Structures are given as structure tokens and as C-alpha cells.
Amino acid sequence: MPWKNSVSWNSMIATFARHGNGYKALQFYEEMRQEGIEPTDVTFLSLLHACSHVGLVDKGMEFFKSMTEVHKISPRTEHYACVVDMLGRKGFLNEAKTFIEGFPMKPGVLIWQALLGACSIHGDAEIGKYAAEQLFILEPENPEPYVLLANIYCSRSKWKEAARIIKRMEEMGAAKEPGLSWIEIEKKVNNEDKMNPQADII
């Protein structure tokens with residue numbers, strides 16, 4: 001490439017970050033800065049994503065601080081969610097919760113999904129419940145937070161709590177639709193749905 005601008009640099013950084021090569025993404029960022037190219041909000045989103053996947057929490061927080069204080073870029077919801085994900089993946093769930101509580105705006109679905117996902121990884125039922133309850137309010141008919149919280153309870157052998165969450169999910173009409181298996185019979189594709197007239201054969 002004979003010349004590079006912020007768009008081309010961002011594309012390369014994002015590609016490495018997206019494919020789990022966080023260190024390479026950071027290397028490209030350093031080269032970008034040496035070329036005198038100013039980072040954008042997209043640059044920092046990729047950097048936070050990269051730091052999250054390689055566990056560089058301190059470096060990620062340094063980028064977040066630099067974005068706001070040095071480059072005067074206002075974080076979007078996606079930036080905040082990346083920080084929550086970064087802290088959560090490393091097991092810093094209390095820190096992630098505290099970070100959310102300090103938001104300048106009301107946290108949305110993306111933020112709570114990131115926290116609940118991290119709790120699912122580490123089996124934290126207490127903070128997981130806290131995050132799930134926020135999602136129950138924001139998206140009462142979405143089955144995913146119910147299922148994730150129930151799975152967290154199961155991982156802790158809290159069977160009664162898991163059953164209670166599943167019952168609550170069903171009462172809210174958020175029951176997860178069962179998956180269907182598809183099979184070809186006499187050159188015709190069928191599924192195992194009980195409403196299918198060939199269900200017994202399948």
C-alpha cells in the first residue's frame with residue numbers, strides 16, 4: 001500500500017483484533033502513531049477489543065483513559081461494553097460492576113449482556129443475577145439472560161434457583177424455541193416438529 005490513512009490503519013488493526021491476534025493489533029497501532037496518524041473512536045474500539053481477548057487489562061484501561069483525556073473522544077456504548085468485557089473476562093467482576101455504576105448514562109442491553117456473559121464464564125451467581133435482572137427489565141421476552149443465569153446456577157449446583165428462573169422465563173413468554181433436526185426423505189426435506197404429518201416416520 002503506497003500510502004495509509006486512518007481508515008486503512010483501522011481496518012488492519014480491527015482485522016487482527018477480531019481474529020484474536022491482539023498483540024499484532026497493538027503493534028500496528030504503534031506503527032500508525034509513528035506515522036503521525038491520529039486514532040479515531042473506531043481505532044480505540046479495536047484496541048479495547050484486542051486487549052480484552054489477550055487479557056491486557058491495564059493496557060486497555062490506559063487506552064480508554066487516553067481516548068477520553070488525551071484525544072478528547074467521547075466513548076460510545078460499544079467502548080464501555082468492551083471495557084466491561086475486558087474486566088469480566090479476566091475475572092474482575094466487581095471492578096466491572098463498579099465501572100458500570102460510574103457510567104455517565106444509563107447502561108443499556110449491550111453493557112449488561114457483557115457483564116452477564118463474563119459471569120457465565122466465571123460462574124458468579126451473585127453478580128450474574130444482578131446483571132440478568134437488568135436485562136429482564138430491558139428485554140423481558142428475550143430468553144438468553146434467563147438461560148445464562150439458569151446455567152450459572154446449575155454450575156453451582158443451585159438447582160432450585162435454576163428451576164425458578166426457567167419457570168419465570170416460561171411465565172414471561174420468553175421460553176426458548178426448541179431446535180429442529182432436518183432430514184431428507186424421498187428427496188423431500190422434513191423436520192422433526194410434532195406438527196409435521198411425517199413426524200412418526202422421522
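Lys59 is partly exposed at 28% relative accessible area (buried is under 20%, exposed over 50%, partly exposed in between; 1.4 Å probe, protein chains only). Glu62 is partly exposed too, at 46%.

The model is predicted: local features need pLDDT of at least 70, side-chain atom pairs 80 or more, while totals for chains, interfaces and linings use all residues. Numbering starts at 1 along each chain as its sequence is written, and side-chain values use heavy atoms, without hydrogens or water.

Next, select residues 77-89, helix H5. Its buried residues include His79, Tyr80, Val84 and Leu87. Show H3 (41-54), H4 (57-69), H6 (93-101) and H7 (109-122): these helices are among what covers the buried residues of H5. Now pick Asp85 and Arg89, four residues apart in H5. They form a salt bridge, with the closest N and O atoms 2.8 Å apart. Arg89 is partly exposed, at 36%. Step on to Gly91, which follows H5 and has a positive phi, near 95°.

Go back to Arg76 and Glu78. Their salt bridge has its closest N and O atoms 3.1 Å apart. Arg76 is partly exposed at 31%, and Glu78 at 34%. In total, the structure holds seven salt bridges.

Last stop: Leu115. Leaving aside residues up to four places away in sequence, Leu115 touches (heavy atoms within 4.5 Å) Val84, Leu93, Ala96, Ile100, Ile127, Tyr130 and Ala131.

Methods:
Helix = DSSP H or I, 4+ residues; strand = E, 2+ residues; numbered from the N terminus. Expected span 1.5 Å × (residues − 1). Salt bridge = Lys/Arg side-chain N within 4 Å of Asp/Glu carboxyl O.
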